[in-house]
Amino acid sequence: MALLQIRQYGDEILKKKAREVTAFDSKLHLLLDDMWDTLKEHDALGLAAPQVGVLRRAVIILMDDGEPYELINPVIVEESGRETMNEACLSVPNKQGDVERAAFIKVEALDRFGVPFTLDADDVLATGICHEIDHLDGILFLDRAFAVQDCTPEDKENRKAIKEKRRAEAKKKRNK
Ligand code: CO
C-alpha cells in the first residue's frame, strides 16, 4: 500500500493536459492501485492521475454504494440534460461550489488491461466522471462553479453523514 501526495490548487500540473495512456503494464497497475489507496485514505469520490502528479489520462471513482470505476483514456461520446450539484475536490481543500454539468453521459474508455468498454452514467456518477475528466484537461471545478463557498466543519460533517447514509442504504440493498 502506498499513499500518493495530492497536488494542491496552485500547482501548475493541475492546469496541464494529460496524455493518453499507451502502455497497459504493471507500471499503470501500480499507479492505479496506489491511487485507490490514496482515494480511500481521503474518503473521496474520485481521483485523476494528474492530481497525484502523473500527466496520464486515468481516473478512478468509488461510488458510495461501494462500486468502483476505473477509466483509462475516457471520452464522453454522448450527453444530455443539465444538472447542478455541489462539488468538492481533494486538490482544492476547504472549498465547495455549485457546478452545472450534463445529467446523463455515455462514456467510452479502456480498462487497466486496455480492453474497451462503454458506460452509461447519470446523477452522482455522471458528475464525478465529468469532474475527473476535467482534471485530465487541466480544468478544476472552480473554473466552472458559479458559486464557490468556504467549506465549514459543519459542511464536512454533512457530506460525511450523506456518504454514510448512502453506504448504509447500499449495504441494506446488498443484504436483501
Ligand atoms: Co477533483
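View 1. C130 is buried, with a relative accessible area of 10%; buried here means under 20% relative accessible area, exposed means over 50%, and partly exposed lies in between (1.4 Å probe, protein chains only). This is a predicted model, in which local features need pLDDT of at least 70 and side-chain atom pairs count only at pLDDT 80 or more, while totals for chains, interfaces and linings use all residues. Residues are numbered from 1 along each chain as its sequence is written, and side-chain values use heavy atoms, with hydrogens and water left out. Taking a disulfide as a pair of cysteine sulfur atoms within 2.5 Å, the count comes to 0 disulfides. For C130, the nearest cysteine sulfur is that of C89, 14 Å away.

**View 2. The cobalt ion and its donors.** Here we meet C89 again, this time at the metal: C89 (SG), H131 (NE2) and H135 (NE2) coordinate the cobalt ion at 2.1 to 2.2 Å. Donors are N, O and S atoms within 2.8 Å of the metal (3.2 Å for Na, K and Ca); water is not among the atoms, so the site may look incomplete. Along the chain, the donors follow the spacing C-x41-H-x3-H. C89 in strand β3 (residues 68–89) and H135 in helix α2 (residues 123–136) are 46 residues apart, a pair that links distant parts of the chain. Helices (H or I, at least four residues) and strands (E, at least two) are DSSP runs, numbered from the N terminus.

View 3. Strand β4 (residues 92–110) and strand β5 (residues 116–122) run antiparallel and are joined by 7 bridges; two strands pair if DSSP finds at least two bridges between them. Follow L110 across to β5 and you reach its bridge partner, P116. The hairpin has 5 residues between its strands, and G114 in the turn shows a positive phi of about 90°.

**View 4. Positive phi at N94 and D123.** Which residues other than glycine have a positive phi? One of them is N94, with phi near 65°. N94 lies in strand β4 and is partly exposed, at 40% relative accessibility. D123 is not a glycine either, and has a positive phi of about 55°. D123 belongs to helix α2, and with a relative accessible area of 39% this residue is partly exposed.
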